[in-house]
Structures are given as structure tokens and as C-alpha cells.
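Dear colleague,

My notes on what was found in it follow directly after.

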Amino acid sequence: MANEVAVLGVGMHPWGKWGRNFVEYGVKAARDALRDAGLEWQDIPFIVGGQTIRNGYPGYVAGATFAQALGWSGAQVASTYGACASGTQAINTARAHILAGLCEVALVVGADAAPKGFFAPAGGARSDDPDWLRFRLLGATNPVYFGLYARRRMELYGATELDFAKVKVKNSMHGSANPNARYKKTYTVDDVLQSPMVSDPLRLLQICATSDGGAALVLSSLEFAKKHTSRPITIAAVSTVTPRYPNTVIEMPNFATDSAVGVGVPDTPFKDSIAKGAYEQAGLGPEDLDLAEVYDLSSALELDWYENIGLCKPGEAERLLNDGATTLGGRVPVNPSGGLGCFGEAVPAQAIAQVCELAWQLRGDASGRQVEGAKVGLTVNQGLFGHGSSVIVKR
Amino acid sequence: MSGAKAQVAAIEGWFRMDPDDPRLLGTQCQACHTYFFPKETLACRNPSCDGTELKEVPLSRRGRLWSFTNNCYPPPAPFVAADPFEPYAVAAVELEEEKMVVLGQVVAGVDVTELAAGIEMELVLDTLFEDDDNEFMIWKWRPVAA
Ligand SMILES: [Zn+2]
């Protein structure tokens, strides 16, 4: 309890390819979250923005950009960056201010307007930046790394292209009723397996697109929340851990793993340590979860996450999927929102959107995709350059 | 191929430009013996080690395939894609002595159907791209059996 904050309000701008400025998406999400919380913008003493690096200077100073668009109010401001984990960094910054007693309530906003096609590195030749070099020297796009992980599952555990396709089919069914999802079409296994191969064994329909979108949260102290809502949802944990040396799994944007010559491999690999950090903070375990929102940058990656967050042992994710445990109505539905497969990725908004979905689910407001009686949910995600990201939400 | 062009490394100091024994060039901490690629020169990154003496070392030329995939579409700039573009495989190769996994393109003409985790791979030099004067060279992986 001591380290919990309340989720008073949630808001989103639907994901899509709208072709407008990212500020518009963030402001819409922020206004919705404020309305949901029953608060006015000028009641907010602290705003945190998740930064976007593809929208010029306003994107780097996202917190101030949103504050100015909402109308300068004299609020304290912060902007955070952690690649795909930027949203969690923003949530954690707000949480820390509230728990430290520096403010009672805070607004967290992330929004992005994404370019078409593959994510390419930011412009300009930079021969000392691994994110530039991986494209230059290897053509190692994000799907290349996802392809390596997917093929590893096939080689190690006997996973099949059919298993990966079924993840996409499941998520497309989940997201078909979500008004904020970009892709609402329900796909069949044949649709998926007939889509063009991008990075073997992953096909176009199994790889997350880049999207425009915005998400926002109003967070507050538990005391403040008591005065404003009769059904508080709380954030019980925020994990933003880095890897432990040596990290022996190849990660974007690296050319090589760490070497395990100098010191042994840690007991908990990086991706396992992300949710573990959250479980430890919350005093909960995987058996307590009613649902999870995991970062399905590829359909195969969702299966890795089942194991990383402890839903099953390594090598058992395909069985969990095929038993229907992670489908709506199953034991622990994963990505009831439709996941990135239905949203595409709006980088600084995505981890915030995961928390929005958990809040709606725990309130019973997830019409058409409701996990009945959900009380505890977990988000998990990873930002490149070593950013863990996991949030536990409960009621 | 354009034999008249000068062969230059696509990136300076990352690998040895010796066609008979091409090697990736890493560094090794002289205190805990851990390896780094690309080279770490500042200080050892093992948090339990205060080593600051990092010596340049050639890495093993051979390793075992950890996983693999391919690019069916041309990657975006700054990659310089050939036109017409030919799909190529990418390999993650585990070096036994260094206990690390290193990425690289797979030489042209090796399809993913010819690859399997665990097979032995060998480092070779090959062309990354060319301009009017130069052939820019890079390391690639090639199945030893091929
Ligand atoms: Zn050392």
C-alpha cells in the first residue's frame, strides 16, 4: 500500500495514421483523462510528457509542448525518454513525485506521429551510434531482431509458423471491438500465413506497424483519490530495471551480446527481471494475474513474454496459447485490447495505453473485450538500450 | 565484380581487412578477461571488475549459429541497398571462447532454408556496397559446410 498511487483518469486518442501533429493526439487524450478524473487542467500541479524523437524539438520537450497546448498554467513539468519504455518512465516520474509528497495529482501524456514503414534511425551520419550503425552495416531493421527471436523459438522449442499466426488471430479478435484500435479486422490463420514474408519466419501481418496515437493518465495519491472516486484503481508497481551484466541475449540495437567470460550469467535474464521487479514491489506473483498487456512487436514475441512474466515455463508458451488460456474467456487473457497487433506502435504513448487498458478492464468498462471480474493486471514492455518497463495495476 | 576499385573497410577498426584470415576486432579486459565487440576502450563494463586495461584482440573466426532470419525487403537508409534488391539472410553466431553472440549478414546465395541452429559458421570479408571509386567491405557469416 505504501508505494501505491491511484489512477483517477484515463484517456486516449484512437491509434491510426491520421497525418496530423502529435500534439493534437496528446491533448485529446489529456482532456479525456482530465474529464474522466473530474478535474480541470488548472488543478494539475505536475505534468510529465513521454518524448518522441521523430517530431522535432516539440517532441523532445513533450511535457512542455502539451502544457503549452493545454494553456500555460504554471505547473511543474518533466519530459522523459526511454525508447519504447518512455511512457513508463513518465508514469514512474509522476508516481515518484506523488509518493514523495511533492504533489497530490499529476498528468501523464504520451503521443506520437510516426513515419511510414520501417522505423529508421534519426537522420544524420553517426558512426558512433549503434542505432545508426545497425542499419548502415547490417540492415538490421527491428523485424530482423524479431525474426531472430522467433526462429530461436522454432529451433529451441519446436514452435511453428502456425503458432505465431494464432497469436495474431487471437489479438485481432480481441481488438475488433476496441474503439481505440487501429486495425479492427478479424484475421484467419490463412490470412496471416498468406501475407508476405518480411523477416523469416515473420510475415507482414505478424509484425507491428508504426502508428499515430495518444494516451494519458491522471495519477494521484490514495488520499486524494478517496475524495474523488468510489472505485479507485491503483498502480501497485512500476519496474524500470536495466539488464544485469552480462546480458547474453542479443538486443536491439546491438551488434553483439555481452560476453559471459568475466562473470557468470545472472540467475534472472533481463526480460524475466522486468516483471520480476514489478512482482516484488507489489508483493504479487504471476498466479495473481487476471490479465496482461504485453508488447507484441511480433506475434512470436508475445509467446516469449508469457514465459518472461511467469505465466508458464520456458518452452510452454505455445501450449498455453493453444489451450486458449490467453484468449478472452481463458485463465489469463493476454492483450485483451488487441495489443500492438491491432494498435501498431505509437512509441511514447504505448506503455501508457497499456495501463489505460488495464484501468478500463479493472473498472469493468472494457465493452466487447471485458475480462470478467479482473482485479490484477500487468503490463510489460522493453525499450531499446536497456529499458525495462512493467506496471502492475489492481483494484 | 569491379576488381579495379579500391577495397576499403565500411567501418574503420572493427575488423581485420585480411582476406585469408578476416577477424572481428574486439577488446579484452586484462583483469577479468571478458570480451567486448564493438571495442570498449574506456573501462571494463563488468560491474564487479575495476579493470581499465583493455587490449585489442581478434575474435574467433568460427562459431555456432544461434539464430537466423532474413531481409525480404530493402532496409531503409542509411543502409545502401542494391537495385534490384536481393533478399539476404542475417545470422546471430555464438562464439565459444568469447561466450558471446555476434550478428552479421550471411553471404549472398545462402537461403534461410539452408540454415539451422547449431551449424558451424565462419567469418568472411564481402562487399557491403560500392560507389564509383570504392568497394566498401564488411564482415559476413558463411556456413562452413557450404
Ligand atoms: Zn574486467
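**Chain B: sheet and zinc site**

Gln28(B) stands opposite Lys55(B), a residue of strand S4(B). The model is predicted, so local features require pLDDT of at least 70 and side-chain atom pairs count only at pLDDT 80 or more, whereas totals for chains, interfaces and linings use all residues. Residues are numbered from 1 along each chain as its sequence is written, chains are lettered from A and ligands numbered from 1 in the order in which they are written, and side-chain values use heavy atoms, with hydrogens and water left out.

Strands (E, at least two residues) and helices (H or I, at least four) are DSSP runs, numbered from the N terminus; two strands pair if DSSP finds at least two bridges between them. Three strands of chain B form an open, antiparallel sheet in the order S3-S2-S4. Strand S3 (35-36) and strand S4 (54-58) of chain B are its edge strands, each pairing on one side only. In the loop between S3 and S4 of chain B lies Pro38(B), which is joined to Phe37(B) by a cis peptide bond with omega of about -10°.

The zinc ion is coordinated at 2.3 to 2.4 Å by the SG atoms of Cys29(B), Cys32(B), Cys44(B) and Cys49(B). Donors are N, O and S atoms within 2.8 Å of the metal (3.2 Å for Na, K and Ca); water is not among the atoms, so sites may look incomplete. Along the chain, the donors follow the spacing C-x2-C-x11-C-x4-C. The angles among the four donor atoms are 105 to 113°, and the site is tetrahedral (for four donors, all angles between 85 and 135 degrees). Cys44(B) and Cys49(B) are both buried; buried means under 20% relative accessible area, exposed over 50%, and partly exposed in between (1.4 Å probe, protein chains only).

Elsewhere in chain B, Lys99(B) has a positive phi near 50° although it is not glycine. Lys99(B) lies in the loop between strand S6 (88-95) and strand S7 (100-106) of chain B and is partly exposed, with a relative accessible area of 48%.

Chain A is divided into domain 1 (5-117 + 213-234) and domain 2 (130-206 + 236-394), with bounds from an automatic or database domain assignment. The C-alpha centres of the two domains lie 23 Å apart. In all, 40 residues of domain 1 are in contact (heavy atoms within 4.5 Å) with 41 residues of domain 2.

Strand S7 (residues 212-220) of chain A is mostly covered, nine of its nine residues being buried. On one side these are Asp212(A), Gly214(A), Ala216(A), Val218(A) and Ser220(A), and on the other Gly213(A), Ala215(A), Leu217(A) and Leu219(A). S7(A) pairs antiparallel with strand S1 (residues 5-16) of chain A over eight bridges, and Ala6(A) stands opposite Ser220(A). Eight bridges also join S7(A) to strand S4 (residues 105-112) of chain A, again antiparallel; here Ala106(A) stands opposite Leu219(A).

**Chain A: helices and loops**

Helix H6 (residues 142-157) of chain A has 16 residues, which should span 22 Å at 1.5 Å a residue; its end C-alpha atoms are 23 Å apart, in agreement. The expected span is 1.5 Å times one less than the number of residues. Because 12 of its 16 residues are buried, H6(A) is largely enclosed by the rest of the structure. Gly158(A), which follows H6(A), has a positive phi near 75°.

Helix H4 (residues 86-99) of chain A, with 14 residues, reaches 20 Å from its first C-alpha to its last, close to the 20 Å expected. Its buried residues include Ile91(A), Ala94(A) and Ile98(A). Gly101(A) follows H4(A) and has a positive phi near 80°. In the loop between strand S3 (76-80) and H4 of chain A lies Ala83(A), a residue other than glycine with a positive phi near 55°. Ala83(A) is buried, with a relative accessible area of 3%.

A cis peptide bond, with omega of about 10°, joins Asp200(A) and Pro201(A). Val263(A) is partly exposed at 25% relative accessible area and touches Tyr245(A), Pro246(A) and Asn46(B), not counting residues up to four places away in sequence.

With kind regards

Methods
Four donors count as tetrahedral if all angles lie between 85 and 135 degrees; four count as square planar and six as octahedral if opposite donors are over 155 degrees apart and all others between 65 and 115; anything else is irregular.
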